[in-house]
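Subject: Structure handover

Hello,

My notes on the core and the helices follow below it.

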Amino acid sequence: MKRRVVDLGKLKRIRKQQMSLHTMSQMLGYKSPNGYYYLEKGRSKMPADILANVAIILDVPLEELFKDEK
């Protein structure tokens, strides 16, 4: 059965085309880039509300940030 997971590599590529890690962190309300960095690197799980806000900030459909995993 396939399951949908956040495609962190794609998310990072899209973000880097538009803004820095620091800028994204600020837009999400983090005091330092580390909080968002840990999410983007997969060190921490990406909460649904943060992922939804990232999609809005990057102006991409939420579904575009997912991939199928076996």
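The largest nonpolar core has 15 residues, and Leu11, Met24, Tyr36, Val54, Leu58 and Leu65 touch the most other members. A nonpolar core here is a set of buried Ala, Val, Leu, Ile, Met, Phe, Trp, Tyr and Cys residues joined through side-chain atoms within 4.5 Å. Buried means under 20% relative accessible area, exposed over 50%, and partly exposed in between, with a 1.4 Å probe and protein chains only. Helix 1, helix 3 and helix 4 each give two or more residues to this core. Helix 4 supplies the largest share, five residues. Helices (H or I, at least four residues) and strands (E, at least two) are DSSP runs, numbered from the N terminus.

Before the details, the ground rules. This is a predicted model, with residues numbered from 1 along each chain as its sequence is written. Local features need pLDDT of at least 70, side-chain atom pairs count only at pLDDT 80 or more, totals for chains, interfaces and linings use all residues, and side-chain values use heavy atoms, with hydrogens and water left out.

Helix 4

Helix 4 buries Ile50, Leu51, Val54, Ala55 and Leu58. These buried residues fall within an arc of 140° seen down the axis, so they line one face of the helix. The arc is that of the directions from the helix axis to the C-beta atoms. Their cover includes strand 1 (3–6), helix 1, helix 2, helix 3 and strand 2 (66–69). The face turned away from the buried side carries the exposed residues Ala48 and Ile56. Ile56 counts as exposed because its relative accessibility is 63%. From Ile56 to Pro33 is 23 residues in sequence and 19 Å in space, C-alpha to C-alpha.

Asp59 follows helix 4. It sits in the loop between helix 4 and strand 2. Its phi is positive, about 55°, although Asp59 is not a glycine. At 69% relative accessibility, Asp59 counts as exposed.

Helix 3

Helix 3 covers residues 33–41, and its buried residues are Tyr36, Leu39 and Glu40. They fall within an arc of 95° seen down the axis, so they line one face of the helix. They pack against helix 1 (8–18), helix 2 (21–27) and helix 4 (48–58). Just after helix 3, Gly42 takes a positive phi of about 85°.

Two of these side chains are worth a look. Tyr36 touches Leu11, Arg15, Leu21, Met24, Ser25, Leu28, Tyr30 and Val54, not counting residues up to four places away in sequence. Contact means heavy atoms within 4.5 Å. Is Glu40 buried or exposed? Glu40 counts as buried, at 6% relative accessibility.

Helix 1 against helix 3

Helix 1 and helix 3 pack at an angle of about 130°, with their axes 8 Å apart. Axes are lines fitted to C-alpha atoms, for helices over the stretch in contact, and angles run from 0 to 180 degrees between N-to-C directions. The pair is therefore oblique. Under 35 degrees counts as roughly parallel, over 145 as roughly antiparallel, 65 to 115 as roughly perpendicular and the rest as oblique. Helix 1 brings Leu8, Leu11, Lys12 and Arg15 to the contact, and helix 3 brings Tyr36, Leu39, Glu40 and Lys41.

Best wishes
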